[in-house]
Amino acid sequence: MKTKHVQYETRGTCSKMIDVTADENNIIQQVFFLGGCNGNLQGVSQLVRGQHIDDVIRKLDGIRCGTKGTSCPDQLCRALEELRSQEVKE
């Protein structure tokens, strides 16, 4: 299977990095968050696995955490946008 991968450094959240892999059809294969609210982010990771990148962005884009201008799900969208634009690797 051909895949693409990104390690995205988050901005404005408790998590510090998001590691995402998707296949050539932009279906998310795995997501790992470094830092942040462990239980919640494990849940987000499981919920988005198997989903199309565009569907996840539509659902999670713009979510805020308290008074912050972003959130871990919103930062996941930034990582997915970067991933979507990558070339597929063998």
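Predicted model: local features only at pLDDT ≥ 70, side-chain atom pairs only at ≥ 80, totals over all residues.
Residues are numbered from 1 along each chain as its sequence is written, and side-chain values use heavy atoms, leaving out hydrogens and water. Helices (H or I, at least four residues) and strands (E, at least two) are DSSP runs, numbered from the N terminus.

**Helix H2**
- Ile53, Val56, Ile57 and Leu60 are the buried residues of H2.
- These residues cover an arc of only 100° around the axis, so they lie on the same side of H2; the arc is taken from the directions from the helix axis to the C-beta atoms.
- The buried residues of H2 pack against E2, E3, H1 and H3, with contact meaning heavy atoms within 4.5 Å.
- Gly62, with a positive phi near 90°, follows H2.

**Helix H3**
- The buried residues of H3 include Cys72, Leu76, Leu80 and Leu83.
- Among the elements that cover the buried residues of H3 are strand E1 (3-9) and helix H1 (38-48).

**The sheet**
- Three strands form an open sheet in the order E1-E2-E3, with antiparallel pairing; two strands pair if DSSP finds at least two bridges between them.
- E1 and E3 are at the edges with a single partner strand each, so one side of each has no neighbour in the sheet.
- Seven bridges join E1 to E2.

Key: Buried < 20%, exposed > 50% of the residue type's maximum accessible area, 1.4 Å probe, protein only.
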